[in-house]
Amino acid sequence: LELLEAERSGINARQNTVHALHAYDKAIASAQKVGYIHEQGLACEMAGFYCKRMMDKEKAFEYFNQALECYQKWGSSVKVEYVRKELDKLHA
């Protein structure tokens, strides 16, 4: 539910990135608290895409790296490869 709220905030908060990032961070923390590593990874990934859209490459890099760590712990090689490609695009 928090991830949906974060996505809604990201769509509606183009002028207020602080609010949107707070919502993503809340979703990340909630997933981590209950041990849902796959949802934590997804929340990090979505936050990364939000930062990328907002042209904040540094923040996007941080979130994508967090997503990568989550997906590695979860054991999803497909998501690991996908996020690595996104990180490569940030470096280009």
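**Close-up 1. Helices α3 and α5 of the predicted model, whose axes come within 12 Å and cross at roughly 20°.** Helix α3 spans residues 37–53, helices being DSSP runs of H or I with at least four residues, numbered from the N terminus, and axes being lines fitted to C-alpha atoms over the stretch in contact, with angles from 0 to 180 degrees between N-to-C directions. The two helices are therefore roughly parallel to each other, the term for angles under 35 degrees. Contact, meaning heavy atoms within 4.5 Å, joins E45, F49 and K52 in α3 to K79, Y82, V83, E86, K89 and L90 in α5. By class, this contact has four nonpolar, no polar and five charged residues.

**Close-up 2. Helices α4 (residues 57–74) and α5 (residues 77–91), packed at an angle of about 160° with axes 9 Å apart.** That angle makes α4 roughly antiparallel to α5, a label for angles over 145 degrees. From α4, residues including F61, F64, L68, Y71 and W74 take part, meeting a set in α5 that includes V80, V83, L87 and L90. The residues of this contact divide into eleven nonpolar, three polar and four charged.

Close-up 3. Local features need pLDDT of at least 70 and side-chain atom pairs count only at 80 or more, whereas totals for chains, interfaces and linings use all residues. Residues are numbered from 1 along each chain as its sequence is written, and side-chain values use heavy atoms, with hydrogens and water left out.

Notes. Parallel < 35°, antiparallel > 145°, perpendicular 65-115°, else oblique. Nonpolar A, V, L, I, M, F, W, Y, C, P; charged D, E, K, R; others polar.
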